[in-house]
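Please examine the sequence and the structure shown here. The discussion after them is arranged as questions and answers.

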Amino acid sequence: MNSSLTRSLAVAGAICLVVIVLIVGALRPKRASGAGTVAPPEVMVAQVEQRDVPIYGEWIGTLDGLVNADVRAQVTGYLVRQDYKEGAYVNKGELLFEIDPRPFQAALDQAEGQLAQANAQLANAEAVQVRTRLDVERYTPLAKEQAASQQDLDNATQNNLAARATVATAQAQIKTAEASVETAKLNLGFTRLTSPISGIAGQAQLQVGALVSTSGTAVTTVSTLDPVRDYFTVNEQAYLQLQNQFSASDKQRWKLQLILADGTTYPHEGTFYFAGRAVDQNTGAIQLAALFPNPGNVLRPGQYGKVRAVVRIEKGALLVPQPAVTELQGSYQADVVGPDGKIAIRPVKVGDRIGTLWIIQEGLKPGERVVAEGQQNLRPGMLVQPKPFVTN
C-alpha cells in the first residue's frame, strides 16, 4: 500500500516537472538565429599619404620701427606748447613742441645789433684808411721833389698801415658778429621741436611747463612703421638651413610669415632684412631681422611677433593625422587596419608636425590605413569595420 502510494507520488511529481518545463519554454521569448554573434566595432581610418612637404621653423621675435628717431631739445628752456596728438601720424618737419622763444629772440636781436655796430666800425675804419691812403699818394711825389719832408711821408705811410689794420680788425669783428647772429637764429629755430622723420609720434615724456635741456631725456620718439622690423634669433644650424633653402632663388629668398600674439598669421608676407655680424659664442645664436609691410600702421614697436619660415623640404614624407599616433611611455605606435579588416599594432618613429599631420619616419608604408578615431580597446587581430576619417 505504501509502496503504491510512493510510486503514484513520484509519477505525479515527474509529470508536474515536465509541465513546468514546458510552460517555461513556451513563455520564454525565442531568439533570432545568429543573435549571439557580436558585430565588429566601427573605427575611423585614414590612408597614409606620401608627398613632399615644407618643414617650418619658428622663432620668437620682437617688433620695432624701421627708424626710431628721438626728439630732444637742443637748447634749454621751458615748453610752452605741444602741437601734436600722441600716437598720431606726423610728417617730417611738422611741429611737435615749442620752447619759450623770447630769450632766444632777445639774443638774436642783440647779435644783430652787434653786427650793425661792427658794420659801422668797418665803415669808419675804411673812411680813415681812404684818407691815409690819399695822404700817402700826396706826399710821395712831394718827397721826391723835396717839397715835403721824408718824415711827413713816413708818418702818412704808417697812418695808412694802421688804418688798413683797423679795417681788417673791423672786418673780423663783422665775421664774429655774423656768426653770433647765425648762432642766435639757430637757437631760435631750435625752440621749435619738429619731427625729423615721417611716422607715428609716441607719448610725450614731458608736459607743457617743463624745463628741457640738451642733457635731458627725449621729449618724444617718432617711428617709421611701414614697413615694420622684426628682430629674432636663430641658432647656427637653423641659419645655415635658411641660407641653403633660399640661396638658389632670389625671388623666393627669405620669405617669412609672422605669427601674432593671438596665434593668427599676419596676412602680409615678410622678407629678410639683415643678419647680425657674428654668431654669439656664448649662445651659438645669431640675430636676424625681417621687414613686414604694415599698411595702416597696425603693428607697433615692442609687439610680440613669432617668425615662421621654411627651413627645408621633406621629400616623399609619409603623413598621417596626429590622432592616429598614440604615445606610450616615450614611444609611439599606430593601429593599422589590414586588407582583411584586422588590427595590427605597430611601433612607429615620428618626425616633425605639419599642421594637423605628423610625419612618420619608420613603421608605415604609403597607402596603408591607420585608425585615427576609435582606438580604445583595440587588440591585435581584432576585426573592425573601417570608416573614412573626416578632419574638422
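Predicted model: local features only at pLDDT ≥ 70, side-chain atom pairs only at ≥ 80, totals over all residues.

Residues are numbered from 1 along each chain as its sequence is written, and side-chain values use heavy atoms, with hydrogens and water left out.

Q: How many residues does the largest nonpolar core have?
A: A nonpolar core is a set of buried Ala, Val, Leu, Ile, Met, Phe, Trp, Tyr and Cys residues joined through side-chain atoms within 4.5 Å; buried means under 20% relative accessible area, exposed over 50%, and partly exposed in between, with a 1.4 Å probe and protein chains only. In the largest such core, the residues with the most contacts inside it are Tyr84, Leu96, Phe97, Ile99, Leu193 and Val222, and its size is 31 residues.

Q: Which strands and helices each supply at least two residues of this core?
A: Helices (H or I, at least four residues) and strands (E, at least two) are DSSP runs, numbered from the N terminus. By that assignment, the elements are strand 3 (61-71), strand 6 (95-99), helix 2 (102-144) and helix 3 (150-189).

Q: Which residues does Gly77 contact beyond its neighbours within four places in sequence?
A: Gly77 lies in strand 4 and counts as buried because its relative accessible area is 10%. Gly77 and Val212 are 135 residues apart in sequence, yet 5.6 Å apart in space, C-alpha to C-alpha. With contact meaning heavy atoms within 4.5 Å, the partners of Gly77 are Ile99, Ala210, Leu211 and Val212.

Q: How far apart are the end C-alpha atoms of helix 2?
A: The expected span of a helix is 1.5 Å times one less than its number of residues. Helix 2 has 43 residues and should therefore span 63 Å; the end C-alpha atoms agree with this, being apart by 63 Å.

Q: Is Gln129 buried or exposed?
A: Gln129 has its place in helix 2, where the buried residues also include Leu122, Ala125 and Thr132. What covers the buried residues of this helix includes strand 6 and helix 3. Leaving aside neighbours within four places in sequence, Gln129 is in contact with Asn160, Ala163, Arg164 and Val167. Because its relative accessible area is 17%, Gln129 is buried.

Q: Which residue just after helix 2 takes a positive phi?
A: The phi in question is about 60 degrees. The residue is Gln146.

Q: What is the closest N and O distance in the salt bridge of Arg81 with Glu98?
A: A salt bridge is a side-chain nitrogen of Lys or Arg within 4 Å of a carboxyl oxygen of Asp or Glu. Arg81 is partly exposed at 33% relative accessibility, whereas Glu98 is buried at 15%. For this pair, the closest N and O atoms are apart by 3.0 Å.

Q: How many residues apart in sequence are the parts tied together by Arg81 and Glu98?
A: Arg81 lies in strand 4 (residues 77-82) and Glu98 in strand 6, so the pair ties together parts whose separation in sequence is 17 residues.
Salt bridges that share partners also join Glu58, Lys306 and Arg308 into one network.

Q: How many salt bridges does the count come to?
A: One of them joins the side chains of Glu49 and Arg51 at 2.7 Å, N to O. Another pairs Arg81 with Asp83, with the closest N and O atoms 3.9 Å apart. By the rule stated above, the count comes to 8.
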